[in-house]
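Subject: Structure for you to look at

Hello,

Here is the structure I said I would pass on. My notes on its salt bridges and its chain interface follow below.

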Amino acid sequence: MRTDFAFVGVMLLVVFGAVAVVPVLNGLLGPKKPNAAKQATYECGMETVGDAWVQFRVQYYLFALIFVLFDVGGVLLFPFALAYNGVAIWSVLVVMLFAGTLLAGLFYAWRKGVLTWD
Amino acid sequence: MDAIFDSINNLVKIIGDAIAGLVGSLLPHPISDIVVMALGTLAIFIVVLTLCAGLTYLERKLVARIQDRIGPNMAGPKGLLLPIADAIKLFTKELTTPAAADKWVYNLAPIIVMVFAVLTYAVVPFAPDVIGTNLNIGVFYIIAIGSASTIAILMAGWGSRNKFSLLGAFRTVAQLIGYEVPMLLNLIPIIMLTGSMSLVDIVERQWNTGVPFLIYFPLSALCFLISGLAETGRSPVDLLEAESEIVAGFHVEYSGMKFGLIMIGEYANSLAIAVVFVSLFLGGYRGPILPPYLWLLIKTLLVFFGFMWLRGTLPRVRIDQLLNMNWKFLVPISVVHILLIMFEGKLFVTDPARIAATGGILVPVLLQAVIMGGTSIGLLLGGLLLAGRSVRGERLQHDADMTARRTANQKAAMALVK
Amino acid sequence: MEVSQIVFLILTVTLLGAAALVVTTKNLFHAALYLIVSFFSVAGMYVLLEAGFFAAAQLLVYIGAISILFIFAVMLTRGTALITPLNSQAGAVGVMSAIMFAILAVFLWPAPIRLQEVILGGFRLLRGGTYGGEPWQFVPNNADTAAVVNNATLRLGAALGDFAQYGALLLLSGALLLVGVIGSIWVARERKIADTRADRSEAAADARHEAQLESEAEAREAAALPAGAHAASVEGQH
């Protein structure tokens, strides 16, 4: 397995190197005429008002939380799916109960209105 | 005759083996392995880039034709040199870095987007023995790489130090992490039936049983396709990058080739989703007469044609409609689908040896496929019916609210006039 | 020196360096990014230990979910004012960490291996030597480990469903996740204005103030109305 992943490691390094060349090349080939207006932060053509502060809603965090629930659930379901063929019916029932727990979490969040708007 | 046929079929493998042999005879043992792997990486990289460049041209032509216009036809005969013209244009643009940007984070983000997009191709089988590496966790690796690439979006949004790009990055990430759940949930039925996460095993099983997984799990195929489209940010779910939405989203401060890298990264991602979909549901590189790599190319281009068709036809979806569809429709239906298939897989068994071990009803393969496919379609139709009913209820409620408000306003206006 | 040893060295340096940078850098977002680098190194180490599934699970869960949760939480509580001064309790924290490390080392040390053997073996490793008489490997390449390594994920899956092994723990972990989600939703709920005592009294004061303003406005209106309109409104009231 280590040798299998060696390809991934080599690919990571090679592609990183190949892609990192591109902005460098662009920097060499493109014109360089910086001025204050070009380097100012973009705000639909107006002057920026205040620092880059964003009204961060708590909905983002709650969506990420539900995602963590299903992510970990999925990671636990994958090995069981691998072993599914040789496993008895009661194991299937146990895992069905587990998947039902995940679904219950989603329905709770749904009913509490957490899944509305972004 | 047979030998010629075989060599055409295995053309890529023969070339690859020849190069590997050549390098192996020149360099000592561990280094030659690394060099061969690096050459393989470069080959994949170049093929993917060329295909993506060609697809940008094809997409613009196709979308133009759908919209009853001609599309690009100035750069070269029939506009065929468009990708080269685009590349030259992007390379010679000025890299205007915003003064307040966080240099390292801002510059690294497009590179990481592109790197993760290409990393997916390491486990995709292009032909019977032509694959980057046959990881035994193939599909799981693809999901993990797709998940890890959301960090690059956050880096791009934050590195620009621009509140619009930060907001765009947050919404993008909310969409991306949302749609990963149906993607990983819908792979589970396939892994259950194949008993392996390796893409090669999945393709071979489809060939050996003669039934592609599209027939077994049409619901999974549909949900995987929709999630894949939403993951890579293509229209009709292209809120991430739409020019008229929130000032072009998280990549507003990128110019020149950095922007080009993000765009090509998106195409590479879409192509990766298409290729993985073909390998998982349509039988991959296996097919009757043509050589395997041709089959893979044809099937992938057909699926990508479907993507481009969707882009030209459907209007954009709002972010709250997007997230609603994901969490309230796709995820519940995927989980229920897994539960049903788990149950049916143990009930209707195709292997007589397993009946003795774990019990069940013996059915031929085709019947099992039809039963599971039928469950899938039934669940899909039921889910759509439920969703339609609830949406209809909401729409009627909304109409009633509007009418009530209108009459109240009219009454107030009449009272004022009196 | 084998390739795997070089890779292990690189991964270790990356991991320790990134971890050190996480706690010393002043920019919170950079700290989150260095944490992600350290997660990548840990995933690499899982690969070296022949646990490919866990490497991918590390990528999926830690980098794909928990890091994003972390960054969202930082943004939620601090906005983008992310420059923080170094902790003024660093000295005391250092002493406490050393004590905890010593306690854990004493209790978790694998019994047959002694500390000096590990340290000396480590130096021998760097020079490309052997450990315990055989060439040192992360996972020995013999028959019994091969069977485990090739089937590890499958056996994990079977064990997860089996009630005699990990099935009950699976259900427990599902319940734990559910409790976490319910707790977070409860904590992050939208509160109505008068939920706490202080808020309630404040709300009452607000209501009184508003009533006072309204009566003042009515008085002003009544005084400012011309006589005709006043007569008309009086007529309308009948």
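Over all chains, the structure holds three salt bridges. Please keep in mind that this is a predicted model.

One salt bridge pairs E59(B) with R311(B), and the closest N and O atoms are 3.0 Å apart. E59(B) sits in helix α3 of chain B and R311(B) in helix α13 (residues 292–313) of chain B, so this pair ties together parts that are 252 residues apart in sequence. E59(B) has 1% relative accessibility and counts as buried, because the cut-off for buried is under 20%. R311(B), at 32%, counts as partly exposed.

Helix α3 of chain B also carries R60(B), which is linked to D86(B) in helix α4 of chain B, 26 residues apart.

The side chains of E204(B) and R286(B) form another salt bridge, at 3.2 Å from N to O. E204(B) belongs to helix α9 (residues 199–209) of chain B, while R286(B) is in the loop between α12 and α13 of chain B, so the pair ties together parts 82 residues apart in sequence. R286(B) is partly exposed, with a relative accessible area of 25%.

Now the interface. How many salt bridges does the rule find across the interface of chain B and chain A? The count there is zero. The rule does find five residue pairs in polar contact across that interface, both residues being at pLDDT 80 or more. On the side of chain B that touches chain A, several helices supply at least two residues each, including α3 (29–66), α4 (82–91), α12 (256–281) and α14 (319–347). The largest share of that side comes from α8(B), with 18 residues. Sorted by class, the side of chain B that touches chain A has 51 nonpolar, 19 polar and twelve charged residues.

As for extent, 82 residues of chain B are in contact with 70 residues of chain A. The area buried between the two chains is about 7000 Å², and carbon and sulfur atoms give 77% of that area. K163(B), W327(B) and K346(B) supply 10% of the area that chain B buries against chain A, more than any other three residues.

Regards

Technical notes. Residues numbered from 1 in each chain as written. Chains lettered and ligands numbered in written order. Heavy atoms only, no water. Contact = heavy atoms within 4.5 Å. Buried area = accessible area lost by both parts, 1.4 Å probe. Salt bridge = Lys/Arg side-chain N within 4 Å of Asp/Glu carboxyl O. Polar contact = N/O pair within 3.5 Å; in protein donor to acceptor, adjacent residues only side chain to side chain. Helix = DSSP H or I, 4+ residues; strand = E, 2+ residues; numbered from the N terminus. Nonpolar A, V, L, I, M, F, W, Y, C, P; charged D, E, K, R; others polar. Buried < 20%, exposed > 50% of the residue type's maximum accessible area, 1.4 Å probe, protein only.
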